[in-house]
Amino acid sequence: MNDTTATGVGVTAIVDEGLGNSSYLVDLGDGAALVVDPPRDLRGVRAAAEKAGLRLRFVADTHLHADFLSGAVQLAHDDGATVLAPAAGRRGFEHRGLGDGDEVDVGGLRLTALSTPGHTDEHLSFLLADGARPAGVFTGGSLIVGSAARTDLLGPERAEELARAQFASLRRLSRLPGETAVWPTHGAGSFCSAPPGVERTSTIGAELATNPLLGIDDEDRFVDRLLGSLGSYPHYFRRLAEINRRGPAVLDPATGRLDPLPVAAVQQLRADGAVAVDARPVPDYARAHIPGAISIPLRAQFATWLGWLVPADVPIVVVRNADQDGAELVWQAVNIGIERLVGELAGGMDTWTGAGQPTASTRVVHPGEIDAYRQVLDVRQDAEFTAGHLPGALHVELGALPRTAPQLTGAPTLVMCGHGERAAGAASLLERAGHHDLAVLRGGPREWADATGLALEKGS
């Protein structure tokens, strides 16, 4: 999940490509380190620290994260790290609360808290300096590369108020020296971001030259631009900030292991309300799966769709192939607070079919076969759909499908997305809702256009 990339000046970015976030490891000298915005899944942080020979002495959170659980409590428990966080967040565990202008000596470097509300009320950015020279600023969910983080996570009724706060926060950060590095937490692929660019780090000077939001001097126009760019976000975001305020439970060393379950146990769990999550690749799921299983292929984005499509309080039974990393699946789940993984089907689907249990299948079709279906359902995000879609396609975002699937007609339906993974998830939800004549498109709208020579429609 985590990719480590050096950023210079003693700072290493640890990137979670799936959630679209970065945490940062800062070499403080004398073998000590500061970690900024670490996730609960600390494997990448620990690997980077071990490689550099660093001891994790401080951990700083810029805000109460809504898209992942913080690793701060775990680091305090395991490593004795001092937790630094906004005092206004009123965290329910031991930490050093900071306010605007507060300074912390971290091993010879200086960390200064800058109040930058907008993404959340209590949000702080942390300016890192070596003596009088600013090295960089950890901007969390304030200024990000090419944009700013969204301001509607505390509810639509506060989105405009927080957008105005974000306007002032970005202007404050923009007054830092141009060579100051910008180290944001949110970036490409994060649902906390108002559509960002590809790069994950920048400088104040580069952002002043290229970030369109910093080019808007009028507050009203800024608010309109920022709010107009916001799409949907996973519903699990609504509960994680409070868990982070209370402090996530400390994980034990057994985390990362799935208990094997015999067929009979899986049957009983499902009868008692457990959900089967099929993490296999789409072709394997389509060929044969447990009826009613939800398809969420194990990939970088697994956690996002698990949290979006499966309620946190429902027991989950996993189905995977033997060559898929069970520990990766578990860590992605606990990173967003999904902890009711009761186990996995021992032996996978071979065991299930070998026991004579029923299976279901879903057709996977090529672009040229679309005409056989009376209804094409596109489950991509709104921005993706409006950028180009099949003529006449019905549009429902995958995240909205659990509540809308029962209202869709039972006509033969071809489900599509950009590549096929989200489409398989949508087909599995439709199957659970009683739809049977279903198929998944191999590829996406571009493949359809290339195969047919027809033009895509744009707009909603």
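Strand β22, residues 375–378, is covered on both of its faces. Gln 375 and Leu 377 point to one side, Val 376 and Asp 378 to the other, and all four are buried, where buried stands for under 20% relative accessible area, exposed for over 50% and partly exposed for what lies in between (1.4 Å probe, protein chains only). In a regular strand the side chains alternate between the two faces of the sheet. Strands here, like helices, are DSSP runs numbered from the N terminus (E, at least two residues, for strands; H or I, at least four, for helices).

This is a predicted model, in which local features need pLDDT of at least 70 and side-chain atom pairs count only at pLDDT 80 or more, while totals for chains, interfaces and linings use all residues. Residues are numbered from 1 along each chain as its sequence is written, and side-chain values use heavy atoms, with hydrogens and water left out.

β22 belongs to an open sheet of five strands in the order β21-β25-β24-β22-β23, with parallel pairing; two strands count as paired if DSSP finds at least two bridges between them. β21 (363–365) and β23 are at the edges and have a single partner strand each, so one side of each has no neighbour in the sheet. Four bridges link β22 to β24, residues 413–416, in the parallel sense, and Gln 375 has Thr 413 as its bridge partner there. Thr 413 also stands opposite Leu 438 in β25, and three bridges join the parallel strands β24 and β25. With β23, residues 394–395, β22 pairs in the parallel sense over two bridges; here Asp 378 is partnered by His 395.

Helix α12 (residues 382–387) forms a right-handed β-α-β unit with β22 and β23. Right-handed means that, with the strands pointing away from the viewer, the path from the first strand over the helix to the second runs clockwise. Another helix, α14, lies across β22, β24 and β25 and runs at about 170 degrees to β25. Such angles run from 0 to 180 degrees between N-to-C directions, with axes as lines fitted to C-alpha atoms, for helices over the stretch in contact.

Another open sheet has five strands in the order β16-β20-β19-β17-β18, again with parallel pairing. Its edge strands, β16 (260–261) and β18 (294–295), each pair on one side only. β16 pairs with β20, residues 341–345, in the parallel sense over two bridges, and Leu 261 stands opposite Leu 345.

The largest nonpolar core has 55 residues, and Ile 296, Leu 306 and Leu 401 have the most contacts inside it. Such a core is a set of buried Ala, Val, Leu, Ile, Met, Phe, Trp, Tyr and Cys residues joined through side-chain atoms within 4.5 Å. Elements giving two or more residues to this core include α14 (421–432), β25 (438–441) and α9 (302–309), and α9 gives the largest share, six residues. Leaving aside neighbours within four places in sequence, Leu 401 is in contact (heavy atoms within 4.5 Å) with residues including Leu 377, Val 396 and Leu 429.

Elsewhere, Gln 166 is found in helix α3, residues 159–174. Gln 166 counts as buried because its relative accessibility is 0%.

The predictor's confidence in each residue is given as pLDDT, from 0 to 100. The protein has a mean pLDDT of 94, and 97% of its residues reach 70 or more. Over residues 1–8 the pLDDT is below 50. Where pLDDT is low, the predicted coordinates should not be read in detail.
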